[in-house]
Amino acid sequence: RKWVPEEVPGKVKFIIPDRVPRITYGFVPGIQLYLSVVRSTNGQWGTVLKAGMASTVLPQDDGLWTSFPAWFPLFNKITLKSVVISLPQDFVDYLGEDGIFVKKEAFPKYENDDEYDNTDEWDNRTEDDDDDADGEDARTAHFSALEETIRTHIAGMGGSVFPKLNWSSPQDALWMTSTGSLKCYTPEDVFLLLKSSDHIQNDLSILSSPEVASQTHRPTLVLRKWYDIQIAMEFRCFVKDGDLIAISQRHGADFYSFLLGMKDELSELIMEFFETSIEGKTPVNNYVFDVYISRTNKVWLVDFGVFDPERTDAVLFGWEELLGDPSALPDEGVVPFRVVESARGVIVPAARMLHGLPHDLQRLGPGDGEGSALDQIVRRIRDQAEEELRTDMKEMNLGG
């Protein structure tokens, strides 16, 4: 098909007029493609083709670079101690299967009070019950080499780690753990979190897509040394066209009064870190990065993310602000730095609480004009109970 160019300042814009050829991604009619001439950090020139469409497939230039194995070699000196483990295909297949099959050791052990002693129940177990349990253990037996590798790295990092894949950590599976955190002491802890997480499944879906799957972008397990940190000192930074345009408190559901008097100091620390340790050292110009500031005011890089509203939480900013003209942001000339200003400002539900809700409750949302989602649930339960009572009364001839 004929490509119709349209001049755009600094870019060449192509609009596909009709049917679309398959070029890297499965585009649809009406997509806008931007062909940019770029220069990499090693001085080589080239072209980058970008698409203005949100997709479950990450943009090849920006998204794939934010995969942990891609950026870690460049910034390993300024980030948390980590190890990267290439996952064997049979384990990747296991993660994609339905059901959770991990060794019994992965689940927390609880002691029963005498009042709830279930000794009789266990005495009545059958051989079939034991066979089922042995079968579940057998599902992970063939990963013994991977288990030993993980166990060795956990010991080498002080006895505890937190896991993630190429992009995502299993934050949505915290409700599966006895500690309510990502802290893992054993390979079984790691397996349980990975197997229970939709975030991990999303990473695997991206990596298995024809557009991404390659020897250079394989499913990778990342183990990072566990630190007991003050989460108030985590911040998310947004970079657009190579410029740091916004900084946000990382956890937007929490209020920390002491941050209010530290904004200027923290802003200077983050700006200096960006200018000396990150700026000009990335192969892309649009990205998000998270930092942690220690008690000694040392800034550590935590992770990189995609500059994309479909993939990354803007926390205390709106993506319409970040994607628009940077000069339209408040405090022109100064990088906007936002923290939760008061306890009343905490209006965002904590993700760790949301992920623990059944999907049906999440889909209810804030309500439909008839009260909150919780009010709707209570009303439905009450109506159902009243209906059942009326039915029982009719059957007993006690009333209408």
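Me: What joins strand β5 to β7, and which way do they run?

Reply: In this predicted model, strand β5 (residues 82–86) is joined to β7 by five bridges, and the two run antiparallel.

Me: Which residue in β7 stands opposite Ser82?

Reply: Ser82 has Arg224 of β7 opposite it.

Me: And how does β6 pair with β7?

Reply: Strand β6 (residues 161–164) also pairs with β7 in the antiparallel sense, over four bridges, and within that pairing Lys164 has Val222 of β7 as its bridge partner.

Me: Why is β7 largely enclosed?

Reply: Strand β7 covers residues 220–225, and five of its six residues are buried, so the rest of the structure largely encloses it.

Me: Switching to helices, which residues of α3 are buried?

Reply: The buried residues in α3 are Phe91, Val92, Tyr94 and Leu95. Looking down the axis of α3, these buried residues fall within an arc of 155 degrees, so they line one face of the helix.

Me: Why would residues a few places apart point the same way?

Reply: An α-helix has 3.6 residues a turn, so residues three or four places apart point the same way.

Me: How do α3 and α7 cross?

Reply: The axes of α3 (residues 89–96) and α7 (residues 187–196) come within 8 Å and cross at roughly 55 degrees, and the two helices are therefore oblique to each other.

Me: Which residues make that contact?

Reply: On the α3 side they are Phe91, Tyr94 and Leu95, while α7 brings Phe191, Leu194 and Lys195. Sorted by class, the contact has five nonpolar residues, one charged residue and no polar residues.

How values were computed: Residues are numbered from 1 along each chain as its sequence is written. This is a predicted model: local features need pLDDT of at least 70, side-chain atom pairs count only at pLDDT 80 or more; totals for chains, interfaces and linings use all residues. Side-chain values use heavy atoms; hydrogens and water are left out. Axes are lines fitted to C-alpha atoms, for helices over the stretch in contact, and angles run from 0 to 180 degrees between N-to-C directions. Angles under 35 degrees count as roughly parallel, over 145 as roughly antiparallel, 65 to 115 as roughly perpendicular and the rest as oblique. Contact means heavy atoms within 4.5 Å. Ala, Val, Leu, Ile, Met, Phe, Trp, Tyr, Cys and Pro count as nonpolar, Asp, Glu, Lys and Arg as charged, and the others, Gly among them, as polar. Buried means under 20% relative accessible area, exposed over 50%, partly exposed in between (1.4 Å probe, protein chains only). Two strands pair if DSSP finds at least two bridges between them. The arc is that of the directions from the helix axis to the C-beta atoms.
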